[in-house]
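Please read them with the coordinates open.

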Amino acid sequence: MGFTKETIFFTDSEDPESYSLENQLAEHLEFGLAKNKLNVKSRDLYFALAHSVRDRMVRRWMRTQNEYYRLDVKRVYYLSMEYMMGRLLGNAMNNLGFYEKCGKILSELGYDLEEIIDLEPDMGLGNGGLGRLAACFLDSMATLGLPAFGYGIRYEYGIFKQEIEQGAQIERPDNWLSNGNPWEIMRPEHSVRIKYYGKVISRHDQQGKLMFEWIDTEDIIAIPYDIPVPGYNSNSVNSLRLWKAQATEDFDFTSFNEGDYLGAVERKNQSENISKVLYPNDNSSIGKELRLKQEYFFVSASLQDILKKFKENHEDISIFPEKIAVQLNDTHPAIAIPELMRLLLDEEHLSWEDAWDITVRTFGYTNHTVMSEALEKWKLPLMEKVLPRHMQIIFEINFRFLEKVRLHYDNNTEIMKSMSIIEEAQEKQVRMAHLAIVGSHSVNGVANLHTEILKNSIFKYFNIFEPGKFNNKTNGITQRRWLKKASPCLSELITRTIGDKWISDLYELKKLEAYTKDNAFVEHWQMAKAMCKTKLIKYIETNYHLKINPDSIFDTQVKRIHEYKRQLLNVLHVITLYNRLRENPNLDITPRTVIFGGKAAPGYYIAKLIIKLINSVAATINSDSRVKDKLKVLFLKNYSVTLAELIMPATDLSEQISTAGYEASGTGNMKFQLNGALTIGTLDGANIEMLEELGKDNMFIFGMTDKQVTELHSDGYEPMKFYEENAELRQVLDMLKNNFFSLYEWDVFRPLFDTLIFTDKYCLLADYDSYIQKQDEAGKLFTNKSEWTKKSIINTARSGRFSSDRTIQEYASDIWKIEKVFIPDSDFVD
C-alpha cells in the first residue's frame, strides 16, 4: 500500500504490510491520538513516530529480558540519582537503524525529521557529568549485550529550567512531562512500599534470636516507569526503571468535609514531593530532610525490586552475589548498604555474618569527587529521625569495622577517627563515602590521577587496610550519540573514509591519522567543521540576535558552574583580550567567539555571581564598536544534552581548566576531543590520559600540577603577590573592583575580587600567566588552518581510549563479573 498524506489514515489490518513502520505511524495517529489529515500537527507526528519506534523496540525488549531470565545470567543493577538522557528519538532511530527510513517517511508527508525531533524535550533526569556518564553507560551496556538494569527517580520537574534576567540565573520549573513521555511504560504491578520515621522495637523469636521490627512508620508508594534502552546494531534492549512517589492515601475526606480543602490534599502533596525535583535546595533543614528521603526512596524501591526478581528464580539467598551486582554511582545511593542489610536481617532473617558477606560481595562503589564538601554526610539526629532502623545498622557496621581497624593499626585512635563511618565532630555525622567503601568489595575512581589521590591521600588508610579494593575505571563517552548523532557532517565523512566499524569500536578512528597529509581529506574536514559552526551560528543569531564571525576561533567552556572548574579564569582571559583591543583597536589578533554555558546550584552564591559576571562582560564587549568582530562573548542559557550536541561539533578550542587535583575525570573533554576540538587544559582528571594519547604537541597544557597546588597552599599561598606583580592581571581585577562591568549595581562583583585577592583557593591568579601564554599560542596556531586541521584530525583519531564501551567492558570483567548475552533475532518485521 502506498504511503502518502491522503492514505495515512486508511490502513488495512489484514494487509501483509500492516506491520510496516509507515502503517504503524498511521495507526498511532488515528487510533492513539485520534487525529486525521485535517487536524494533525507536528507534535502529533512526534508522538506517533516515537510510539512507532518504541513499538519496534518492545519485542526485542521482551526477548532480551526473557533470555536473561531463561539463561539465569548474572545481572548488574546500576543505581544513580541522575540520568542525563537528552532526547531519545534520534538516538533510538540511530541505534535501531531507522533514521533514514523515518526521514523518508516524514519527507513524503511534507515534514522534516529534524524539526520533528526538535519537538522532544530533554528528559529532566540529570544535571551534569554524573548523569550524562550514567546515560552513556546505559547505551554501552546495551550495545555490548550485557545484562544490565538501571534504576533512578522519575523527576517531575528535573533540576530547573535556567533563565537569564539582567544577567543573573533565574530558576524556573522544568516541566518536561507536561505533554507526556512516549517512551515510558507504567508498571503499577511492581509498586513497592517505602517506610520513613517510626520506631524500632526488639524481641526474641522462639529460638531465642534477637529480632528487630520497624513500626509506626509513615509510608509512601513507589511506582515504577520503565524506559527501553536499545543497543546499537544489536537485538539487546535493556531497561531503565524510574520510580515515582505516590501517597498511600490520595485524599482526606474528613478534612475536605470540614472545609479544610488544602489540608485534604496536604499529606499527598508532601509525600509526592519526593520525586518532584532533582537535588532540592538543601540549604534549609527541610531541604536536607527531603533530599535524604529522596535518596532512600529510590534505593529502597530498587533493592526491594531486585530482591523480588531474584526470588522468582532462586530459593537460596546465599547465591545472591553470584547472580546480582549492584553499582553505586557516587555516594547518593550509599544508603543502599544498610538497606540491603535491613532486608536480609529483618525480612530474610539471616545472621549478621551471612547478611554482611552477601552485602559486601554485591556492591561496588564509584567515587566521583575528591572534594570534601561533595563527600556526602548526614547529621545523626536527622538519620535517626528519618531512618531509625538504618542508623542502628550503621552503628553496628561501624563498631565491627573499627574493631578490625583497631587491631590492624595497633589502637591508633587518630587513624580510627579518620576511618570511622561516624564523624566524631561537635555535631556527629554519617560519612556516606566511608559507608560505601566499607560495604563494597570494589571502590573505583574515574581517572588515573583521581584514583591515585583516593588511594594515597583522601582514603589512604582504607587503601592500606584493604589493598586491592581500590581500582581505576577511566570514564568514557558513547560515540553513537556524541559523534554519529551530534555531528552528522563529521561522522559521514569519517564513515566514507574508513568505514563504519568505529561506531562500535572507537579505536578504528586511529585509521584517520593516515589522512592528515591528504590535502583533499583535510579540506573536507575543514568543510565539515565549518558546517557544524554554521549550524551553531544560526542558533545563536536566531535566539540571541548576535552576529558571529564564522572565521573566528570558537572557544568553549560548557559545564556545571563551580569555582574549581574556573569559569572565572576564562573570564579573566576574556577581559585581558578586551583590554588589549581597547588599547589598540587595530591589534592583529585572532578573532575569537567565547561561549559559556552551564547551571549553578540554586543555593551556590558565588557560582551564580560568576554567571552574572559572564553576562555583564559579554554585554559590555558585544556592544563596544571598537572590538568589531574580533571578540564576541555569550552565555548560552539552559545548557542541556541537546544544546551540547550543537555546541561540541562546532567548537575549535575546548576549555578544561579546572585546578589540578580537583576534577575527578571530566567527560566533556572527551566529547570535544572526539569532535576534533583542541584542548586547552590543566594536568587534571582525564586530561592527563588525553595527553598520553595525544602528545603535548596536540594540546595546550598549562598551569601547576596537583602536587604543586598542594605545595603552594602548604607554603602559604599569597595571591596578592601575583596581583601586584602582573600588570595585565592587576588591570583586569581592578575593573571588577571599580565596577567597570557593573555601573548600575555598585560593588556587585566585589566578592569575586576579594575572594581572588585574599583567598584564591583554586589558584586562578597563580595559573593566570601560564594560561594567558597558552591562549596566545592557541590563537596564533589557529591562523595556520592547515596545521590546526591536522591537529584536529589527530584529536579525533586518538580518542579510541575514551569510549564508554571500553569503560563498561572493564567494569563488567573486573568488578561485576558479567558476560555478554546473545539475543536471537526476532521474527518481527522491521
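1. Two strands are taken as paired if DSSP finds at least two bridges between them, while helices (H or I, at least four residues) and strands (E, at least two) are DSSP runs numbered from the N terminus. This is a predicted model, in which local features need pLDDT of at least 70 and side-chain atom pairs count only at pLDDT 80 or more, whereas totals for chains, interfaces and linings use all residues. Residues are numbered from 1 along each chain as its sequence is written, and side-chain values use heavy atoms, with hydrogens and water left out.

2. An open sheet is formed by six strands with parallel pairing, in the order β20-β19-β18-β21-β22-β23. Its edges are β20 (631–636) and β23 (700–701), each of which pairs on one side only. Within this sheet, β18 (residues 553–558) runs parallel to β19 (residues 592–597) and is joined to it by six bridges; the partner of Asp-555 in β19 is Val-594.

3. Helix α23 (residues 605–622) touches β19 and β20, and its direction makes about 145° with that of β20. Helix α32 (residues 785–797) touches β18, β21 (653–656), β22 (678–681) and β23, and its direction makes about 85° with that of β22.

4. Is His-573 buried or exposed? His-573, which lies in helix α22 (residues 567–583), is buried, with a relative accessible area of 1%; here buried means under 20% relative accessible area, with a 1.4 Å probe and protein chains only. Apart from neighbours within four places in sequence, His-573 contacts Arg-592, Tyr-771, Ile-772 and Gln-775.

5. Strand β9 (218–230) is largely enclosed by the rest of the structure, because twelve of its 13 residues are buried. It pairs in the antiparallel sense with β5 (residues 185–186) over two bridges, where Met-186 has Tyr-225 as its partner in β9, and with β6 (residues 192–196) over five bridges, where Lys-195 stands opposite Asp-219. Eleven bridges join β9 to the antiparallel strand β10 (residues 237–247), and Ile-223 stands opposite Lys-244 in β10. β9 and β10 form a hairpin with six residues between them, and in its turn Asn-233 has a positive phi of about 50°.

6. By class, the lining of the largest cavity has eleven nonpolar, three polar and three charged residues. The second largest cavity, of about 70 Å³, is lined by 13 residues, with Lys-559, Gln-656, Ile-657, Ser-658 and Glu-663 nearest its centre; this lining has one nonpolar, seven polar and five charged residues.

Terms used: Contact = heavy atoms within 4.5 Å. Axes fitted to C-alpha atoms, helices over the stretch in contact; angles between N-to-C directions. Nonpolar A, V, L, I, M, F, W, Y, C, P; charged D, E, K, R; others polar. 1 Å grid on protein atoms, 1.4 Å probe; cavity = no way out; pocket = protein on both sides within 12 Å on 5 of 7 lines; lining within 4 Å. Points joined across faces, edges and corners; volume = space filled by probe spheres on them. Buried < 20%, exposed > 50% of the residue type's maximum accessible area, 1.4 Å probe, protein only.
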